Amino acid sequence: MKINTYRTILEQMWQKDKKCFAPDAEFPPLCLRCGKPLNRRLVVNALSRYADVHICEDCGMDEALRDACGQVLPMWEWYALSCGRDMNLHSDGPALTTICGFSHIYDGPQKPFPLNHLEHPASELVYSRSDYDGWRWWTTWHHGSEEPTEPELSEEIDQFTEALLQLPEFKTLDTMNRFCRANAQPTSDRTEFNLYAATEHFYIWLRMITRARDYNLYCHFYLKEPADDVGQME
Ligand SMILES: [Zn+2]
């Protein structure tokens, strides 16, 4: 499984755009960050600090200034993402987004997990809890029932988790922290962030916690209802 992020989607767009330069462009493509035309000389444009793409000179300057004061422009506000260009490019795998397309499950029936008195949505099959100890991730699994999970579903959960932790964004707690500041939904706690995804059978909620010596990542897997699948195909 390949998981897409705003970065990988922008990089796919740039792979197309950069073909206009040979090495100069007669009709330069638009800056993915602000929407103004890039300079027709590729080398005059700037390399983004957040994705392997070229952005215009002004955006290069703006990124540097914002980086210096910690005021990162969220990647979903980049022109190419906010205007919805080519969003179906990432159809080859789930995408991590700040938009929760399944908020209805939190208003529906709830259930307690074994050994845990907190209420979870009734469709929650399992969640993982991981911490980064300075060298690697350690993960424990918490199941919503004593029933064994169907092998097909277990495999999907394993593939998602493995692909997630292999993203360069999850290499260390520092890279995850930087990723959260530009890519994830902030919460009322400035060290906690949300992201959402969907796979064939699951809705997935990621809670990322950037504090050291704490649990740093929770992945909640909610089984989609058959009716939800129909909605997905529209
Ligand atoms: Zn720009």
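1. Set aside the neighbours within four places in sequence, and Ser130 is in contact with Trp137, Trp138, Thr139, Tyr215, Asn216 and Leu217. Contact here means heavy atoms within 4.5 Å. Ser130 sits in strand E5, residues 124–132. Strands (E, at least two residues) and helices (H or I, at least four) are DSSP runs, numbered from the N terminus. Ser130 counts as buried because its relative accessibility is 2%. Buried means under 20% relative accessible area, exposed over 50%, and partly exposed in between, with a 1.4 Å probe and protein chains only.

2. A word on the source. This is a predicted model, in which local features need pLDDT of at least 70, side-chain atom pairs count only at pLDDT 80 or more, and totals for chains, interfaces and linings use all residues. Residues are numbered from 1 along each chain as its sequence is written, and side-chain values use heavy atoms, with hydrogens and water left out.

3. Now the whole chain. The protein chain has seven helices and 10 strands. Its C-alpha trace spans about 65 × 40 × 30 Å along the principal axes. Of its 234 residues, 44% are buried. Take the contacts between residues at least 6 apart in sequence: 53% join residues at least 24 apart.

4. Next, the salt bridges. Side chains of opposite charge can pair when their charged atoms come close. A salt bridge is a side-chain nitrogen of Lys or Arg within 4 Å of a carboxyl oxygen of Asp or Glu. The count by this rule is 12.

5. Glu11 and Arg7 form a salt bridge, at 3.0 Å from N to O. They are about one helical turn apart, because four residues separate them in helix H1 (residues 6–17). Glu11 is buried at 18% relative accessibility, and Arg7 is buried at 15%.

6. Which residue forms a salt bridge with Asp67? The partner is Arg178, with the closest N and O atoms 3.9 Å apart. This pair links distant parts of the chain: Asp67 is in helix H2 (residues 57–69), Arg178 is in helix H6 (residues 173–183), and they are 111 residues apart. Asp67 is partly exposed at 24%. Arg178 is also partly exposed, at 39%.

7. Glu192 and Arg211 meet in a salt bridge too, at 3.1 Å from N to O. Glu192 lies in strand E8 (residues 192–198), while Arg211 is in the loop between strand E9 (202–209) and strand E10 (217–223). Glu192 is buried at 14%, whereas Arg211 is partly exposed at 28%. Salt bridges with shared partners join Asp189, Glu192, Arg207, Arg211 and Asp214 into one network.
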